[in-house]
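Please look at the sequence and the model before reading on.

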Amino acid sequence: MNPVVLEDLNRLLLFIHLVAGITCVASSVHLLLRSARAVWGGGTYQPQVKLHAVTLSAAYLTTVFLGGLIYPVFRVHVRLAYLDAVAPWATGLFEIKELMATLGVIPVLGILALSRVLDFRHEEHRVYAPLFAGLAGFVMGIVTFNAWCGWYLGTLGPA
């Protein structure tokens with residue numbers, strides 16, 4: 001059988017994917033909390049909002065990119081060899097997870113762009129707080145769901 005692309009690096013890429021995913025969850029939670037504190041606290045936490053937006057964006061895009069790199073190995077050795085035959089519902093769950101990750105790219109880029117121009121210390125920028133919080137909450141929901149799915153799907157398999 002021919003080797004799958006990047007098969008030799010799969011464990012390393014999967015580990016970095018895991019670390020980036022955990023960073024996504026942590027930074028999305030912190031971003032939402034710090035942005036709320038920045039709005040309610042007169043902008044005191046504005047520098048942290050920018051920091052967490054950059055961290056979330058970098059981690060999210062890294063996670064999505066690495067997910068694409070490790071997918072061929074997953075497709076051959078896990079999905080085709082096990083999930084499609086034994087647990088087709090798990091294949092569906094994985095596809096939902098991937099769709100959600102793809103849907104999150106644009107809001108993540110929006111969060112990054114807005115964090116660069118909004119300053120919640122200024123009253124005229126506070127009207128955009130619900131948009132910013134909505135995007136941050138949406139992304140937090142995606143990364144939390146995807147982290148759970150990734151963990152759960154990783155527990156499946158022959159014992």
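This is a predicted model: local features need pLDDT of at least 70, side-chain atom pairs count only at pLDDT 80 or more; totals for chains, interfaces and linings use all residues.

Residues are numbered from 1 along each chain as its sequence is written, and side-chain values use heavy atoms, with hydrogens and water left out.

Q: How many helices and strands does the protein chain have?
A: Helices (H or I, at least four residues) and strands (E, at least two) are DSSP runs, numbered from the N terminus. Read from the N terminus on, the elements of the protein chain follow the order α-α-α-α-α. The count is therefore five helices and zero strands.

Q: What box do the C-alpha atoms of the protein chain fill along the principal axes?
A: The protein chain has 159 residues, and 36% of them are buried. Here buried means under 20% relative accessible area, exposed means over 50%, and partly exposed lies in between (1.4 Å probe, protein chains only). Taken along the principal axes, the box is roughly 60 × 30 × 25 Å.

Q: Of the contacts in the protein chain with a separation of 6 or more, what percentage is between residues 24 or more positions apart?
A: Contact means heavy atoms within 4.5 Å. Among contacts with a separation of 6 or more, the share from residues 24 or more positions apart is 78%.

Q: Which handedness does the crossing of H4 and H5 have, left-handed or right-handed?
A: The axes of helix H4 (residues 105-117) and H5 come within 9 Å and cross at roughly 145°; axes are lines fitted to C-alpha atoms, for helices over the stretch in contact, and angles run from 0 to 180 degrees between N-to-C directions. A crossing is left-handed if the near helix is turned anticlockwise from the far one by less than a right angle, and right-handed if clockwise. The crossing of H4 and H5 is left-handed.

Q: How do the residues of the contact of H4 with H5 divide by class?
A: On the H4 side, the residues that meet H5 include Pro107, Val108 and Ile111, and on the H5 side those that meet H4 include Leu131, Phe132 and Leu135. Ala, Val, Leu, Ile, Met, Phe, Trp, Tyr, Cys and Pro count as nonpolar, Asp, Glu, Lys and Arg as charged, and the others, Gly among them, as polar. The residues of this contact divide into 10 nonpolar, two polar and no charged.

Q: Which helix gives the most to the lining of the largest pocket?
A: A pocket is an open set of points on a 1 Å grid over the protein atoms alone, where a 1.4 Å probe fits, with protein on both sides within 12 Å along at least five of seven lines; lining residues have an atom within 4 Å of a point. The largest pocket has 38 lining residues, and Leu14, His17, Ile70, Lys97 and Gly150 lie nearest its centre. Two or more lining residues come from each of helix H1 (10-40), helix H2 (46-86), helix H3 (88-103) and helix H5 (129-155). The helix that gives the most, with 13 residues, is H2.

Q: Is Ser35 buried or exposed?
A: Ser35 belongs to helix H1. Beyond residues up to four places away in sequence, Ser35 touches Val49, Phe120 and Phe132. Because its relative accessible area is 4%, Ser35 is buried.

Q: Is His52 buried or exposed?
A: His52 is found in helix H2. Not counting residues up to four places away in sequence, His52 touches Ser27, His30, Leu31 and Arg34. With a relative accessible area of 14%, His52 is buried.

Q: Is Asp8 buried or exposed?
A: Asp8 lies in the segment before H1. The C-alpha atoms of Asp8 and Val73 are separated by 9.7 Å, although the two are 65 residues apart along the chain. As its relative accessible area is 80%, Asp8 is exposed.

Q: What is the value of phi near Leu6?
A: Most residues other than glycine have a negative phi. Leu6 lies in the segment before H1 and is partly exposed, with a relative accessible area of 32%. Leu6 is a residue other than glycine with a positive phi, near 60°.
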